[in-house]
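I opened this entry to look up a few local features, one at a time. The notes are kept in the order in which I looked.

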Amino acid sequence: MKLSTSTVVSVVLPALVSAHDIHHTRYHARQAAVAAVSSAAGAPTVAASGSLTSAALSAPPTASFSLMSSNPNAVPLSSIASGVPTQATVPLDTTYQAGATPTGVSSAPGLPNPSSLVISSYPPLDKVPPTDSPEVQQWIQEVANSGVTIPNITATVAGGCPANPEAVSDSSRCWWTCGGCTRNTDIVSCPDKLTWGLTYDDGPSPYTPTLLNYLDEQSLKSTFFVVGSRALSYPATLQAEYMGGHQIAVHTWSHPDMTTLSNEEIIAELGWTKKIIKDVTGVTPNMMRPPYGDIDDRVRAICTAMGLTPVIWTRISATSTFDTGDYDIAGGITSVTQVLANWENILGNVSVIDTGFIVLEHDLFQQSVDVATGYILPDALAHKFTIEPVVNCVNKPLSDAYIETNDNSTDPPLASGGSATLSSGAPGSAEATSKAGSNSSSSATAMVSTPKGLGLVALTTAIVSLLGGTAATLL
Ligand SMILES: [Zn+2]
């Protein structure tokens, strides 16, 4: 990883960060606390070890980790924290001419010219787009014409599980946020053991080029779940991801809790993100990730009608969700030590499940990129995992990731939009991973009844969940 100190790019963090943090605080604070309880405290080793603690951080001093390997050029752990000075960002090492086509995506159309984007023709950044525009009205009509029935499920209210007791008790919604319910149309893991479907969310950002450089150095490809507002702000970075052979997928326009939105707003969020990605790259993704994993059967049906397959991160029990917590370093909610302890906990679970896995990580903040390039990815490489984009980890070619280049030979469309929805029991589907405990149950009780589901941990989860509810109310 080469850091160019001569190229200092002024960085203005997007306006969504503060609102975003509130949500992440709500959902992640509980997880970090649980991880601290359940994490096996590994002995520090020579490669890198955790000893960084701070009274200002919520992570308890018990968090510890050991790594098999780290990057010799890694940013020191002491510099991966909230409030550290902004690092110099690196420029993209390659920019692409209009008309260029990517390798690895057969029959791809030519790359559009990003300078031709008219910013005023898109919705305001980081807000749920209006639903009365001609574009959204057309997409609403297309959803109506798709033949997909959208279930009559009421929207949830802000505040997560504690604020929505009726929705929580209604298991027919299959609401992932509260209980981890998945359907067999969700991709929640990779079918092959020790295979990591690598993903980064919330970009592109000024720090994405640093991540891309490291991925290039190690010949790694990832899936990027792109926020539409960021794509409009950083189109050349999105082009570099796409042209570099990474998978591009949808992560909504303004990063809302999807289940709190109306059908029309969900359509607007997904439709504008599909459109900006198409306008920048020339192709339309057919996978999406709901922000915070906030999806229920209503959101799923709209995704199906719009040709999008949901991808969530692996969750094998109420206390074992494959979330590094990396997003929360920047806001001071967690520490890098805790994140690496979470990573070690994930590794422990990886070794016992029968499938591969998908982990939640982000490329929006320098701290997340620093922990990924300096520590998590080098350690993963030392573990000899097969690391690849989600579309490849479910045994499909990269060209199947886009509506324009999917020849439907391995991936027939479900809806008119060209969905990559998997059939029941297909590789990557929830049924295929049911042996690992990640089945389609909506019962939180079932989720904790694993060999590792210690009573103490379950009790702690419940207590912290209640505390989290209080915090959400105050926020
Ligand atoms: Zn996100």
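**Entry: the loop between α1 and α2**

I kept in mind that this is a predicted model. I began with D132, which I found in the loop between α1 (16-38) and α2 (134-145). Is D132 buried or exposed? I counted 9 other C-beta atoms within 10 Å of D132, so I put it down as exposed; the cut-off for exposed is 12 or fewer. I then looked at D132 together with E264. The two are 132 residues apart in sequence, and their C-alpha atoms are 9.2 Å apart in space.

I moved on to S107, which lies in the loop between α1 and α2. S107 is not a glycine, yet I read a positive phi of about 65° for it. S107 has 11 C-beta neighbours inside 10 Å and therefore counts as exposed.

D126 also has its place in the loop between α1 and α2. Its phi is positive, near 60°, and D126 is a residue other than glycine. Is D126 buried or exposed? I noted D126 as buried because 20 other C-beta atoms lie within 10 Å, and the cut-off for buried is 20 or more.

**Entry: a cis peptide bond**

Which residues does the cis peptide bond join? I found G203 and P204 on its two sides, with omega about 0°. P204 is in the loop between β2 (199-201) and α4 (208-217).

**Entry: helix α4**

Why do I call α4 largely enclosed by the rest of the structure? I do so because 7 of its 10 residues are buried. I listed the buried residues of α4 as T208, P209, T210, L211, L212, Y214 and L215. What do these buried residues pack against? I noted β2, α6 (235-243) and α10 (366-382). After α4 comes S219, and I read a positive phi near 55° there.

**Entry: a sheet of 3 strands**

Last, I looked at an open sheet of 3 strands, in the order β9-β1-β10, with parallel pairing. Its edge strands are β9 (357-358) and β10 (386-388), each of which pairs on one side only. How many bridges join β1 to β10? I counted 3 bridges between β1 (residues 195-197) and β10, and the two strands run parallel. I also noted that G197 stands opposite E388 in β10. As a reminder to myself, strands of a sheet pair through backbone hydrogen bonds.

Technical notes. Residues numbered from 1 in each chain as written. Predicted model: local features only at pLDDT ≥ 70, side-chain atom pairs only at ≥ 80, totals over all residues. Helix = DSSP H or I, 4+ residues; strand = E, 2+ residues; numbered from the N terminus. Contact = placed C-beta atoms within 7 Å. Pairing = 2+ DSSP bridges.
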